[in-house]
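Please load the model in your viewer and keep a selection tool at hand. The tour moves from one selection to the next and says what to look for at each.

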Amino acid sequence: MSLSERSLTELQDISTPNYDRKNIRPGVLHIGVGNFHRGHQAVYFDDLLETDLRWGIVGISMRSGGTRDRMASQDHLYTVCEKNGNKSSYRIIGSILDVLVLAESRQEILKLGVSSDISCITLTVTENGYCHTNSGDLNWQHPEITHDLEHPDSPISAPGLLVALLDARKRADGGPINLISCDNLSGNGRVLRSVVSQLAEHLSPDLAQWIDKNVAFPSTMVDRIVPATTDDDIEDFSEQHFRDSALITTEEFTQWVVEDSLIGNAPPLSGVGVLLTPDVAAFETMKLRFLNATHSALAYLGLLCGYEFIHEALDDPSLKSFATALMSAEIAPITATPDEVDINQYQQSVLTRFSNAAVPYKTAQVATNGSLKLPQRIFPTIERHLQTGEIPRRLCVVVAGWLACIDDVNLAQQFSDPILPVPPLNTCEGRTDLLGHLANNERLTREVDRHLQAIKRDGIASVISG
Ligand code: CS2
């Protein structure tokens, strides 16, 4: 049996949408309908729909029609399996009403975007999708931006699409709207505001002024481990239950913190477990600099040790003690965290979540786009240490591990990154393309180089336990 509206009634022992899907109205446009969105935000909106049918989601795929086809073939329903050890629970999510592919449905998307029923446009487009520089400004040289500057009516970048949507909304007097970034970027709302406002200002100062008055860009912290789904996952699920080509596997844990600055007729998110707070930054910093930093550390060091999955890397006692000490000795002492969080417990929970073998997350998936992730996750903590005159050994090992991976043709084949391929790397001194201004700090580059050479000469084990 395949999942669809019709087959819903035949499903037993599984939770299905508890609301009348036929009467849902779209209230949110979401750009980037990947696994993370479907395992995180769409679940919160599924809860919201139980009490208010105004909050259906229309997804927008920036490029391929793969997700659209899979979702459409099953009436946009899909299963979220929450797994922890031997425990699993399943739930069918019905909050996504439609998925539109940008190149095929531009007019339809613009038409939806002007409707006053749509009060939010949310995004999960990855670190790469904002077309920003490390200082958070629009990268005017980004190939998608150069395209959109020439063709503002047929944008291919996320900032370009948002500017086109806002332009249409302004003309149609569609009213205020929230643009909500749900990606792992520090100050994600601020970055989104800069790239959108800078592009708008260039195309039409009038529009930029309108955006200033009518658009909110709340920052958010999103957290849930949602790995890519494999064909094997779908086959296994199909043998045990039913066929679902848009299946999501995830952990029990989920967290969403949103800056309390939404405008207009915003969805009542606090009713479904979202924390609305004036200070997202502390949560965001904690998540990026503890959880994501340690994820990246395990990814690069794990890849160098030959581990395919994060939980396998954590099963290795030397990597486990490295990750534990990375957080407790080098991150915790200099990172401000929210008052309400017990930071020792948080570190423990990060390791417990990463070791959940029932939700296997590939090291290569985390390793993807390191040139955009490390400036969010690792460099700011190194910078704090440098300010106090310290050179943090383990953080430098992580940077060296990353460099060793992108410098190794076989390893670098396993993941993508706009910086690849890199010419052979003997030193990181002066390599601002890789390390930003940290590349000009001689004490730091010497330490990173020392570990990089040791990895190449003596192998990864020599720097992990050293
Ligand atoms: C991961 C994140 O792929 C990655 O880079 O570090 O996607 C991580 O799983 C999520 O941020 C967890 O919330």
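The stops below cover a helix, several charged pairs, a serine and a surface patch.

Before selecting anything, note that this is a predicted model, in which local features need pLDDT of at least 70 and side-chain atom pairs count only at pLDDT 80 or more, while totals for chains, interfaces and linings use all residues. Residues are numbered from 1 along each chain as its sequence is written, and side-chain values use heavy atoms, with hydrogens and water left out.

Start with helix 3, residues 41-49; helices (H or I, at least four residues) and strands (E, at least two) are DSSP runs, numbered from the N terminus. Eight of its nine residues are buried, so helix 3 is largely enclosed by the rest of the structure, where buried means under 20% relative accessible area, exposed over 50%, and partly exposed in between (1.4 Å probe, protein chains only). Among the buried residues are Tyr-44, Phe-45 and Asp-46.

Because Asp-47 lies in helix 3 and Arg-91 in strand 4 (residues 87-93), the pair ties together parts that are 44 residues apart in sequence.

Move on to Glu-82 and Arg-224, whose side chains form a salt bridge at 2.9 Å, N to O. Glu-82 belongs to strand 3 (residues 78-84) and Arg-224 to the loop between strand 9 (220-223) and helix 10, so this pair ties together parts that are 142 residues apart in sequence. Glu-82 counts as partly exposed at 21% relative accessibility, whereas Arg-224 counts as buried at 6%.

Now select Ser-181 in strand 7 (residues 177-181). Is Ser-181 buried or exposed? Ser-181 is buried, with a relative accessible area of 0%, and its side chain reaches the backbone nitrogen of Asp-183 at 3.4 Å.

Finish at the surface, where Asp-231, Asp-232, Asp-236 and Glu-239 gather in a patch of negative charge; such patches are made of residues with over 30% relative accessible area and no salt bridge, like charges being joined within 9 Å and nonpolar side chains (Val, Leu, Ile, Met, Phe, Trp, Tyr) within 5 Å. Asp-232 sits in helix 10 (residues 231-240) and is exposed, with a relative accessible area of 55%.

Definitions and conventions: Areas by Shrake-Rupley, 256 points an atom, 1.4 Å probe, with all protein chains shown as cover. Salt bridge = Lys/Arg side-chain N within 4 Å of Asp/Glu carboxyl O. Lys, Arg positive; Asp, Glu negative; His and termini not counted. Charge placed at Lys NZ, Arg CZ, Asp CG, Glu CD. Polar contact = N/O pair within 3.5 Å; in protein donor to acceptor, adjacent residues only side chain to side chain.
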